[in-house]
Amino acid sequence: MDETLPKPVRLRLHQCLEQWQRWKDAAKDRPEPVQRLSGGDVNCSVLVADGLRQWVVRLDGLDPGSIGLSRDAEWRALHKAAE
């Protein structure tokens with residue numbers, strides 16, 4: 001699946017997956033890409049899994065600030081909703 005992603009996206013995904021042990025509720029094993037998810041005008045979302053659990057990794061395609069997005073505010077809202 002990884003080969004179907006554009007090279008810049010593959011590189012950013014690889015960098016993100018190299019940090020999997022820092023994730024909240026980290027997996028026992030390094031997650032691997034399963035499939036690219038559709039949607040997202042300014043980002044690329046990839047489903048990853050470790051065999052037991054799944055996560056969605058979202059990679060920015062553009063500088064979010066250049067189009068008025070605040071990823072910090074978005075993170076806080078998502079975190080609050082998850083509580």
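Visitor: Which classes of residue make up the lining of the largest pocket?

Guide: By class, that lining has eight nonpolar, one polar and five charged residues. Here Ala, Val, Leu, Ile, Met, Phe, Trp, Tyr, Cys and Pro count as nonpolar, Asp, Glu, Lys and Arg as charged, and the others, Gly among them, as polar. Keep in mind that this is a predicted model, where local features need pLDDT of at least 70, side-chain atom pairs count only at pLDDT 80 or more, and totals for chains, interfaces and linings use all residues. Residues are numbered from 1 along each chain as its sequence is written, and side-chain values use heavy atoms, with hydrogens and water left out.

Visitor: How is a pocket found, and which residues lie nearest its centre?

Guide: Rolling a probe the size of a water molecule over the atoms shows where empty space is left. A pocket is an open set of points on a 1 Å grid over the protein atoms alone, where a 1.4 Å probe fits, with protein on both sides within 12 Å along at least five of seven lines; lining residues have an atom within 4 Å of a point. In this model 14 residues line the largest pocket, and K24, W55, V56, W75 and L78 lie nearest its centre.

Visitor: Which element gives the most to that lining?

Guide: That's α2, with six residues. Helices (H or I, at least four residues) and strands (E, at least two) are DSSP runs, numbered from the N terminus.

Visitor: What is the strand order in the open sheet?

Guide: Strands pair if DSSP finds at least two bridges between them. The order is β1-β2-β3, with antiparallel pairing. β1 (32-37) and β3 (54-60) stand at the edges, each with a single partner strand, so one side of each has no neighbour in the sheet. β1 and β2 (residues 43-49) pair over five bridges, and P33 stands opposite V48 in β2.
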